[in-house]
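Trainee: Can you walk me through this one? I would like to go residue by residue where that helps.

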2 protein chains.
Amino acid sequence: MSERDFTATGGETMYEGRIVTVRIERFRFADGEEVSREIVRHPGAVGIVAHDEEHVWLVRQPRETVGDPDVLETPAGKLDLPGKTPLQVAQVELAEEIGKAADDWESLGWFWSSVGISDEVVHLFLARGLRDAPAQAQDNERIEVVTWPLARLDELIAEVRDAKTRIGLLELRHRRACGR
Amino acid sequence: MSERDFTATGGETMYEGRIVTVRIERFRFADGEEVSREIVRHPGAVGIVAHDEEHVWLVRQPRETVGDPDVLETPAGKLDLPGKTPLQVAQVELAEEIGKAADDWESLGWFWSSVGISDEVVHLFLARGLRDAPAQAQDNERIEVVTWPLARLDELIAEVRDAKTRIGLLELRHRRACGR
């Protein structure tokens, strides 16, 4: 065992909310040291970088968390559909948020949003071969669909403040700029 | 006003922890609709992409949040030093975690880690012109300093699961791969 190995020894739930649960959990390291950690447990999420030949498809929506009415993001959603894989959730969200289906799905991997405090995992996908989804987008007048020219991807990346969107667009730019 | 504009109308604290505070907050949109949101308030953080001519400097450490003893990350820290700017906190963290100071600091911007649930902002910096810090790194046997060859940056990006580290390294690769 390395000096970094630990085992969980218990804990208690401090807050059980709509989306997150906060726990104080205890761990014991291989050398015997015991620590306790405040942990925000989150169901996880998906984000989708969707583009056609000319545009990347985004949404602009209010985010009360940060006091901003106009946050630009990829289509996304929480992993709160029982029995659905991340890809299936991504397909549902793409249809609901921008009214599109995609013939070509590729994983862009996954990441931890804020590993010091939370267990949230975000799965990223690249969606191409876009066509209108059989079902309409959910009616939500507060979500504006934004089509951003791929030719202006650098400007978009400079504007984006959302982590999943930034990672997804940086991966997209790399594929395009560097010939992948 | 746009249909996305809102104002905060109140709220209550559900949990006040060591690092985060969870609140249920209420908002009113311009059309009169009222909503309530669960919000995890976090003090914010910094991350530092530090590199010399040959290596990027990282840390490997246990992250109990995700049950992983070996999480590879940029040096980083919370914005919990009163009166210090993000850059000053980054300078403290770089010295404490890898024992280095840097002559050349550049902002890589900032992002929201998980804008659907949290107000956490992470400020990213690029640190170059590395030299030994006047003060030693803090003694923590659970933080291993890792020097990763810049020539193998693609492998590193594929391995990294931490959002701030992934964004920082993607930005670094873009500057290098595409001649900035």
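Mentor: Start with Arg63(B), which is found in strand E5 (residues 55–63) of chain B. Helices (H or I, at least four residues) and strands (E, at least two) are DSSP runs, numbered from the N terminus. This is a predicted model, where local features need pLDDT of at least 70, side-chain atom pairs count only at pLDDT 80 or more, and totals for chains, interfaces and linings use all residues. Residues are numbered from 1 along each chain as its sequence is written, chains are lettered from A and ligands numbered from 1 in the order in which they are written, and side-chain values use heavy atoms, with hydrogens and water left out.

Trainee: Is Arg63(B) buried or exposed?

Mentor: Arg63(B) counts as buried, because its relative accessibility is 18%. Buried means under 20% relative accessible area, exposed over 50%, partly exposed in between (1.4 Å probe, protein chains only).

Trainee: And what does Arg63(B) touch?

Mentor: Leaving out residues up to four places away in sequence, Arg63(B) touches Phe6(A), Val115(A) and Gly116(A) in chain A, plus Asp68(B), Val71(B) and Glu73(B) in chain B. Contact means heavy atoms within 4.5 Å.

Trainee: Now the two chains. What rotation superposes chain B on chain A?

Mentor: The rotation is 180 degrees, with 0.0 Å of shift along its axis and an RMSD of 0.0 Å. That is the relation of a two-fold axis. As for the contact residues of chain B, 100% recur in chain A, so the same surface serves both copies. Copies are superposed by least squares on the C-alpha atoms of residues with pLDDT of at least 70 in both.

Trainee: Next, the sheets. In what order do the three strands of the open sheet in chain A come?

Mentor: The order is E1-E2-E3 in chain A, and the pairing is antiparallel. Strand E1 (6–16) and strand E3 (34–41) of chain A are the edge strands, each pairing on one side only. On average, neighbouring strands of this sheet are turned by 25 degrees against each other, direction ignored. Axes are lines fitted to C-alpha atoms, for helices over the stretch in contact, and angles run from 0 to 180 degrees between N-to-C directions.

Trainee: How many bridges pair E1(A) with strand E2 of chain A?

Mentor: Nine bridges pair E1(A) with strand E2 (residues 21–29) of chain A, in the antiparallel sense. Two strands pair if DSSP finds at least two bridges between them. Gly10(A) stands opposite Arg26(A) in E2(A).

Trainee: And chain B?

Mentor: Chain B has an open sheet of three strands in the order E1-E2-E3, with antiparallel pairing. Strand E1 (6–16) and strand E3 (34–41) of chain B each have a single partner strand, so one side of each is left without a neighbour in the sheet. E1(B) and E2(B) run antiparallel and are joined by nine bridges, and they form a hairpin with four residues between them. Strand E2 (residues 21–29) of chain B is joined to E3(B) by eight bridges, also antiparallel.

Trainee: Which residues stand opposite each other there?

Mentor: Gly11(B) stands opposite Glu25(B) in E2(B). Glu25(B) also has Arg37(B) in E3(B) as a bridge partner.

Trainee: Switching to aromatics. How many aromatic pairs are there over all chains?

Mentor: Eight aromatic pairs over all chains. Rings of Phe, Tyr and Trp (its six-membered ring) pair if their centres lie within 6.5 Å; planes under 30 degrees apart count as stacked, over 60 as edge-to-face and the rest as tilted. Trp105(A) and Phe125(A) have ring centres 6.2 Å apart and planes at 80 degrees, so that pair is edge-to-face. Trp105(A) is in strand E8 (residues 100–112) and Phe125(A) in strand E9 (residues 121–132) of chain A, 20 residues apart. Phe125(A) counts as buried at 9% relative accessibility.

Trainee: Which ring does Arg161(A) lie over?

Mentor: Arg161(A) lies over the face of Trp110(B), at 4.7 Å from the ring centre. The charged end of Arg161(B) sits over the ring of Trp110(A), 4.7 Å from its centre. A charge sits over a ring if NZ of Lys or CZ of Arg is within 6 Å of the ring centre and within 35 degrees of the ring normal.
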